[in-house]
Amino acid sequence: MINLVKRNLILYFNNKANVFFSLLASLISFGLFILFIKNNLQNQWHATAIYPGLLDNWIIGGTLTTTAISSALTALTRYVIDKSNNVIADISLTDLSFKTLQISYIVSAVIVSTIMQLFTFAFMSTYFSLVDKIDFQWNVILMVILMAILASFVWTAFGFIITSLINNQDALSGCYSIINTLAGFFALVYFPLMTLPKLGQLVIKLTPAPYMSAMYRNILMQNDLKNAFRNSTAHSMNVFKNQININIGNVNSLNSQILVLLTFILIFTFIFLIVSLKTRKNLIH
Amino acid sequence: MKILETQNLTKVIDHKKIVNGINMQVDKGQLVSLLGLNGAGKSTTLKMLTGINYSTFGTVKIMGMTPKNHNYSHQIGVVFQNSILDKELSVKNNLFIRARMYKNIDKKYVDSLIEELGLQSILHQKYKNLSGGQRRKVDIIRALLHKPKILFLDEPSTGLDIQSRNKIWSFIKSLKQKYNLTIILTTHYLEETEQSDYVYIMDEGKFIASDSVENLKIKYSKHILALTFNINFDAKQYFIDHDIKYAYEHNKYLISFNNDKLAINFITDMQNDIDSFEYKHGTMDDVFLNLTGNKANLHD
Ligand SMILES: Nc1ncnc2c1ncn2[C@@H]1O[C@H](COP(=O)(O)OP(=O)(O)O)[C@@H](O)[C@H]1O
Ligand SMILES: [Mg+2]
């Protein structure tokens, strides 16, 4: 298994286009934020004008979610490429079991996605610490690493359903374009949930994306929130948290957000198992 | 001794019989060709023989085992039509990644393969930087890592220039001897089948003929004698008198013979009247044309 994981990782990182497309969605949201959104939000939420770290970490949190999505999916492209080029057929002739093979692709994607999230985090944090003179938050790094791994599992589980169903690269990249375009909205990178109509809110809440952004924002913004609401009531802090989607409805603590994400992993795994019962037979064609 | 047998092997995809009831019997140590135009069903057949795809009907057995048997894949090595190795990785990495996927791989054997088959000089090159012929060689060695008894190759020479094609062929034949392999390959190059022990000719999913090259030629092609005669000999009258069928092309009389003996006798009998002659054996081109009609341009 390690053998195949290593091979997948080498092939992924060898290919500059892979790395670029994994980061594309995040670069776009980052660019849009700096150019257009930052001022707009600062006018809306007065606290953020005084504490620039609030808004900066808010955008980092959303962007990490989009990075998790696009990098896990890009890493899983390898599985579809290998199916369409008979690589899977070739491996099926060896002693490696089909289960081990699938797990290898999953582990590779989780590793890729975790690394890309940590890279994005390091890059954006460094940028903001230079530009806005906010502190680089060394104290949350361990938490970020753990959450990045969790996030990677969520989107790899999701992506593996798609890549199990699709056997050719063109269909896959079409599918990915749609997901990458939607990722920024679903991760609530550009605007908060309450600005959307009810139906839109519902659709977004049925995906893991908003909870993941909330989770990251919870962790990344806790220091600045404490400072900003030092002299205010817990209620007014909670109102603000609702506004900026650190709370998603009733899912308003870090633990409950993690729990929701774990549930999504279970749901995706369950769907995958149902799907794979149907596709297993004719996978290796 | 039969090493591989199929019975009524059939593949139906979308209600179409891509491969239609083929029966094969392959002896141990033979080099067997599946000859057919593109789309004839060769790759689909090979996928069923190797157990990569299951047949819709019919059976395939290697030494009594069906593809569902766990040991089936240990008996076979497969070279796919398009390479399955990673272009970005070195030859060595490619081979070792695959080798590690087998449980009881003989490391010494892998090293000896690399050495005996002359791969050391390109071992550290990236696969994508190799020539077409070199790539094929690496593909083949990948298929031999686990000491299979039968080697399957899907169009091993397609896409190569003539020189590399010849090299790969002598490489394949040398493997057969060195490692005591049975080899089953597909091709759409007619002339290549001349080197095989047995040929199955495939058309629209069916075997339309199968035999040794020699027997196929006897059955489906003629040897041609092209003659010119002395000026004062009336050849036309002679052929009519003796009821011999002939053709006249480019100032030459063409007569066909089923075997060499008859041709020699004819020349001996007529030696005083013959001015010059050319004798051409039937080729697989003639065999194929006779079997399939003038179906397509045979050569790419
Ligand atoms: N998975 C598939 N689905 C539909 N048609 C197929 C499939 N595989 C092969 N075919 C069709 O079956 C025919 C034989 O294909 P193939 O075995 O690849 O032929 P060959 O290798 O002789 O060129 C072709 O017409 C091809 O289009
Ligand atoms: Mg083919």
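**Exercise 1. Leaving aside neighbours within four places in sequence, which residues is A:Val19 in contact with?**

Before we start, note that this is a predicted model, where local features need pLDDT of at least 70, side-chain atom pairs count only at pLDDT 80 or more, and totals for chains, interfaces and linings use all residues. Residues are numbered from 1 along each chain as its sequence is written, chains are lettered from A and ligands numbered from 1 in the order in which they are written, and side-chain values use heavy atoms, with hydrogens and water left out.

*Solution.* 
- Step 1: Apply the contact criterion, heavy atoms within 4.5 Å. Beyond the sequence neighbours, A:Tyr12, A:Phe13 and A:Met116 qualify.
- Step 2: Look at A:Met116, which is 97 residues from A:Val19 along the chain, with a C-alpha separation of 8.3 Å.

**Exercise 2. Why is A:Val19 classed as partly exposed?**

*Solution.* 
- Step 1: Recall the classes: buried is under 20% relative accessible area, exposed is over 50%, and partly exposed lies in between (1.4 Å probe, protein chains only).
- Step 2: A:Val19 is partly exposed because its relative accessible area is 21%.

**Exercise 3. Which residues have the most contacts inside the largest nonpolar core?**

*Solution.* 
- Step 1: Define the core as a set of buried Ala, Val, Leu, Ile, Met, Phe, Trp, Tyr and Cys residues joined through side-chain atoms within 4.5 Å.
- Step 2: The largest such core has 157 residues, and A:Tyr216, B:Leu4, B:Ile140 and B:Leu151 have the most contacts inside it.
- Step 3: Helix 4 (residues 52-84) of chain A gives the most to this core, with 14 residues.
- Step 4: A second, separate core of 14 residues includes B:Phe239, B:Ile255, B:Phe257 and B:Ile274.
- Step 5: Return to B:Ile140: beyond four places in sequence, its partners include B:Val79, B:Leu151 and B:Phe171.

**Exercise 4. Where in chain B does pLDDT stay under 50?**

*Solution.* 
- Step 1: Take pLDDT, the predictor's confidence in each residue, from 0 to 100. Chain B averages 91, and 98% of the residues score at least 70.
- Step 2: The stretch under 50 is residues 296-300, for which the model has eleven contacts beyond four places in sequence.
- Step 3: For the complex, the predictor gives an ipTM of 0.86 and a pTM of 0.88.

Conventions:
Helix = DSSP H or I, 4+ residues; strand = E, 2+ residues; numbered from the N terminus.
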